[in-house]
Amino acid sequence: MIACWGAGRAVLARLRPPSRRDAWLEAAMAAALGVGLYICAFQALAIFGLFRREATLGLVGAGVVAAAWQWRGWRADVRALRAAAPVAPPWSRFERIAAIALALVALPALVAPLAPPAAFDELMYHLPYARLVAQQGTLGIHDWLRYPWFPYNYNLLYAAALQVGDDVLPHFLNALAGALSVLMIFRIGILHANRLTACIGAAIWLGMGDYANALIDMGVALFVLSAFVALWWWRESEPLRDGTRWLSLAAFCLGVAAGSKYQALIFLPLVALFVVRHERRVWRAWAPALLCFLIPCIYWYARNAVMTGDPFNPIGARVFGFSEWIPADYVQQVADVRDHAEMPNALIWSVFLAPFSVWWKRSAAVRAAGWFCLYSVAVWVVTSRYPRYLMASFPLLALTAAVGWQALGSWIAAGVRRLRGTQATATSTGPRSGAGIGDWVVVLLLAVLAAVSVGQTATKVSMISLTPESREAFLRKHVPGYGVMDYVRRHVTGRVYQIALNEAIYYGPNPIWGDTLGRWRYRDYLLMSPGDTARKLAAEGFTTVVMSPEMVKVLSARPDFDKYYGLLHEQDGSRAYRLLPATALTAP
């Protein structure tokens with residue numbers, strides 16, 4: 001984190017400061033920019049096959065040196081900003097309660113990353129991909145993974161982590177993205193609303209984030225948020241042409257996000273519309289911004305276009321043609337997304353009340369955040385309705401929802417006053433939170449979040465594995481098929497095909513084949529007789545088959561199954577079979 005801040009500040013210090021300055025928001029932006037710069041550096045090293053442990057440590061060391069070099073100047077900058085800022089009023093009782101509640105809400109996020117990897121997607125392709133890159137030091141196309149063509153920007157950080165630490169360290173890089181975005185939301189709330197808004201928004205985003213895994217949604221959310229912070233700094237620049245570097249920074253952050261997940265591309269039309277209203281200079285503004293956008297992500301899209309004809313492989317297959325995936329895979333994936341469609345966390349529903357808040361009228365930044373939220377939710381409703389696909393928008397949704405919660409509190413307070421026959425006056429809409437019923441409403445919300453978080457903390461602590469034995473017990477409990485996968489990894493040297501154990505492949509051999517989609521889909525093997533399946537597997541070089549308890553019941557009951565498969569190991573219901581060396585296995 002120190003290295004990222006040092007690298008990012010080395011760049012930000014050369015940009016014109018934003019018109020409305022905040023030392024901690026700028027520090028968080030510097031760290032986020034540093035994360036993006038490290039991703040680009042790791043990507044460049046891996047493209048040329050030079051992504052090794054020594055290079056990673058060298059880059060981190062250079063970032064630490066940059067941080068040390070700039071520390072004194074940053075401290076002087078902070079003191080100057082404090083001296084120039086107006087004297088802030090003391091924290092009110094409600095604000096202090098809200099700050100305490102926010103600290104309690106943060107407890108699970110501090111503990112959760114310590115658990116061993118156990119989430120489905122991190123074990124299915126995020127960590128297996130990162131491990132391969134860490135071992136090989138280069139980027140490659142690994143068709144045994146479900147998504148071999150995805151952009152993997154943020155996963156390169158996990159690869160670097162696996163080079164210098166164990167598989168818990170990637171969780172902290174995921175948590176770093178969450179922590180930086182929480183800090184940004186808190187400071188934005190203070191700058192453009194008040195302290196209570198800041199605490200509510202940060203608490204909502206803390207409660208919605210997932211800090212216990214090595215997925216990339218939190219990283220995408222960080223860079224989307226950073227892009228829009230930089231975009232707003234550009235909009236506030238006077239004159240606007242002097243702030244074009246902020247526009248380029250916003251484009252760079254969006255490029256890092258787009259190089260991490262395709263869903264980040266949905267923000268490009270909104271950004272283009274916003275920018276074209278204020279800036280039409282092609283060569284002085286748009287061209288540098290486009291270049292900064294392409295630097296972090298062009299490799300992934302150009303590679304896909306050249307090698308498969310689909311720059312968005314596999315989601316662009318209907319337009320650009322199918323490669324590893326077939327139409328049935330596409331239909332199955334879309335159906336799976338629709339099966340997981342549901343309403344997002346209820347804490348952000350109050351976002352629709354934000355236009356009725358006094359902050360909506362007073363702050364152009366709050367209105368901009370509101371339009372961002374409206375656009376994000378509209379696109380999400382039209383496309384997936386899968387809550388995780390909305391996570392890139394969660395930070396600003398949380399902040400705008402906080403404004404909505406305060407509006408709701410003000411309405412409740414006004415209603416109570418009318419019932420009492422007193423004149424209704426707003427109590428929590430000024431720069432300071434007044435001692436009113438509206439404030440009690442939002443403080444009660446924070447208290448509920450804090451109580452839930454304290455309960456979750458105990459659960460998160462119980463998931464920490466301090467010894468190899470406790471780690472083994474935890475993984476056997478939370479990762480179906482872990483035991484048999486671990487056995488195969490340690491004892492089997494041949495090629496392995498797994499059936500319905502996608503969530504455990506990180507703990508199996510590296511690589512391991514078999515999936516519901518893609519080149520090694522199950523239906524191409526399991527719809528045949530046991531003999532035909534065994535012959536096909538043997539012809540492709542497989543020596544071992546691993547299957548889940550459910551598939552054991554189905555497949556082992558087929559006629560002549562025992563003629564072609566010999567039991568190798570069984571644990572927790574999952575089994576590993578070796579292909580028997582019979583003449584029937586000889587491929588035609």
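A search of the whole structure finds 0 disulfides, a disulfide being a pair of cysteine sulfur atoms within 2.5 Å. Cysteine 199 is in no disulfide, and the nearest cysteine sulfur, that of cysteine 373, is 19 Å away. Cysteine 199 is buried, with a relative accessible area of 0%. Here buried means under 20% relative accessible area, exposed means over 50%, and partly exposed lies in between (1.4 Å probe, protein chains only). Cysteine 253 is in no disulfide either. For cysteine 253 the nearest cysteine sulfur belongs to cysteine 292, 9.9 Å away. Cysteine 253 is buried, at 2% relative accessible area.

This is a predicted model, in which local features need pLDDT of at least 70 and side-chain atom pairs count only at pLDDT 80 or more, while totals for chains, interfaces and linings use all residues. Residues are numbered from 1 along each chain as its sequence is written, and side-chain values use heavy atoms, with hydrogens and water left out.

Turn now to the sheet. Its 4 strands form an open sheet in the order β1-β2-β4-β3, with mixed pairing. Strands (E, at least two residues) and helices (H or I, at least four) are DSSP runs, numbered from the N terminus. Two strands pair if DSSP finds at least two bridges between them. β1 (495-499) and β3 (565-571) stand at the edges, each with a single partner strand, so one side of each is left without a neighbour in the sheet. Neighbouring strands of this sheet are turned by 25° against each other on average, direction ignored. β1 and β2 (residues 542-547) run parallel, joined by 5 bridges. Glutamine 498 stands opposite valine 546 in β2.

Two helices meet this sheet. Helix α21 (residues 482-491) lies across β1, β2, β3 and β4 (574-579), running at about 120° to β3. Helix α23 (residues 530-539) packs on the sheet and touches β1, β2, β3 and β4. The direction of α23 makes about 85° with that of β3. Contact means heavy atoms within 4.5 Å. Axes are lines fitted to C-alpha atoms, for helices over the stretch in contact, and angles run from 0 to 180 degrees between N-to-C directions.

Next comes the backbone. Most residues other than glycine have a negative phi, and most peptide bonds are trans. Alanine 500 is partly exposed, at 27% relative accessible area. Proline 511 is found in the loop between β1 and α22 (523-526). The peptide bond from asparagine 510 to proline 511 is cis, with omega near 5°.

Another cis bond runs from asparagine 313 to proline 314, with omega near 5°. Proline 314 lies in the loop between α13 (282-308) and α14 (317-320). Arginine 385 has a positive phi, near 60°. The loop between α17 (364-383) and α18 (394-420) holds arginine 385, which is partly exposed at 37%.

Last, a helix pair. The axes of α7 (residues 155-164) and α8 (residues 169-192) come within 8 Å and cross at roughly 140°. That makes α7 oblique to α8. Angles under 35 degrees count as roughly parallel, over 145 as roughly antiparallel, 65 to 115 as roughly perpendicular, and the rest as oblique. In α7, Leu157, Tyr158, Ala161, Leu162 and Val164 meet Leu169, Pro170, Leu173 and Asn174 in α8.
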